[in-house]
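Hi,

Here is the structure I said I would pass on.

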Amino acid sequence: MHQYFHRPLTTNTSPSTSPPSEPDLTSFHPLSFDRTAPDYTSLLSDELLLNVFSKLPISQHVSNSLVWKRCLYLHGRLLQSLKVTDWSFVTSGRVFIRFPNLTDLDLVRSCIGMSRCSSTILTNTIMSVHVDTGFTLDGLLEETALLPLNEIDGGLATVAEKYPNLQRLVAIGASEQGLLRIAEECSTLQELELHCGGDLALKALSGIKNLRVVKLIGFIDVLYNSTVKFRLL
């Protein structure tokens, strides 16, 4: 004898507030942070945190600097090498506040005033620039593509004042006056790379006592615009 059991069908007459495949967010409450709670990281000295951060891989420095403002400040103190692409970063003084301990500074790209409206970018081993009518066919920058000479020399004077422990400098379009300030203030400078200048600017190099390597690129009166490298013993 067979027995059959029938389960009555139930229907839900009220519509569902959300599809079964989607989470129900009606009970979601955002996390709240107590801003009055003590910040225990303030008990740690900058020297201790710098020692911890210095043990981390360099590839993690940027991501770690985004954790909180103090990390950003400490990351700037760890960085020693920088390529500046915006001249206003120098003239406003932000670079000196953000990175107070630089020993290697490259200013070339920031001194080229080409428009970024062009979609064509020329790249080589030194830098990348947007190509427009200020770029000649023979591959040399027009004089008008560079910042005014007084602005470049003024920036170098500020760099010399803020970074007396500079060991390497890459500059473009500098005159004797700007390089004299570097020679007076940066006694630890060992390597200097100069782009697009004249031989009169080289007179200032004799005042840099610890200079070991000099690279001249695109100079007007030195070996027909060739690249020259001197190693001083």
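Let's start with a strand pairing: Asp104 has Arg168 in S5 as its bridge partner. Before I go further, bear in mind that this is a predicted model, so local features need pLDDT of at least 70 and side-chain atom pairs count only at pLDDT 80 or more, while totals for chains, interfaces and linings use all residues. Residues are numbered from 1 along each chain as its sequence is written, and side-chain values use heavy atoms, with hydrogens and water left out.

On naming, helices (H or I, at least four residues) and strands (E, at least two) are DSSP runs, numbered from the N terminus. I call two strands paired if DSSP finds at least two bridges between them.

The strands

S2 and S5 run parallel, joined by 3 bridges. On S6, S5 also has a parallel partner, this time over 5 bridges. How enclosed is S5 by the rest of the structure? Largely, because 4 of its 5 residues are buried. Here buried means under 20% relative accessible area, exposed means over 50%, and partly exposed is in between (1.4 Å probe, protein chains only).

The salt bridges

The structure holds 5 salt bridges, a salt bridge being a side-chain nitrogen of Lys or Arg within 4 Å of a carboxyl oxygen of Asp or Glu. One of them joins the side chains of Arg168 and Asp104, at 3.0 Å from N to O. That pair links distant parts of the chain, with Arg168 in strand S5 and Asp104 in strand S2, 64 residues apart. Asp104 is buried at 18% relative accessible area, while Arg168 counts as partly exposed at 23%.

Arg168 forms another salt bridge with Glu193, where the closest N and O atoms are 3.7 Å apart. Since Arg168 is in strand S5 and Glu193 in strand S6, this pair ties together parts that are 25 residues apart in sequence. Glu193 is buried, with a relative accessible area of 9%.

Then there is Glu191 with Lys215, whose closest N and O atoms are 3.6 Å apart. Glu191 sits in strand S6 and Lys215 in strand S7 (residues 213–217), so the two tie together parts 24 residues apart in sequence. Both are partly exposed: Glu191 at 21% and Lys215 at 22%.

Which residues end up linked in a network of salt bridges? They are Asp104, Arg168, Glu191, Glu193 and Lys215.

Around the network

His195 is in strand S6 and is buried, with a relative accessible area of 6%. Its side chain makes a polar contact with the side chain of Glu193 at 2.7 Å. (A polar contact is a pair of N or O atoms within 3.5 Å; within protein, one must be able to donate a hydrogen and the other to accept it, and residues adjacent in sequence count only if both atoms are side-chain atoms.)

Thr103 lies in the loop between helix H5 (94–98) and strand S2 (104–106), and is buried at 18%. Leaving aside neighbours within four places in sequence, Thr103 is in contact (heavy atoms within 4.5 Å) with Gln80, Asn165, Leu166, Gln167 and Arg168.

Helix H7

H7 (residues 176–185) has Gly178, Leu179, Ile182 and Ala183 as its buried residues. They fall on the same side of H7, because they cover an arc of only 140 degrees around the axis, taken from the directions from the helix axis to the C-beta atoms. As a reminder, an α-helix has 3.6 residues a turn, so residues three or four places apart point the same way. What do the buried residues of H7 pack against? Helix H6 (149–162), strand S5 (168–172) and strand S6 (191–195). The face turned away from that buried side carries the exposed residues Gln177 and Glu184.

Cysteines

I also searched the whole structure for disulfides (a pair of cysteine sulfur atoms within 2.5 Å), and the count is 0. Cys111 is buried at 2% relative accessibility, and Cys186 is buried at 1%.

Cheers
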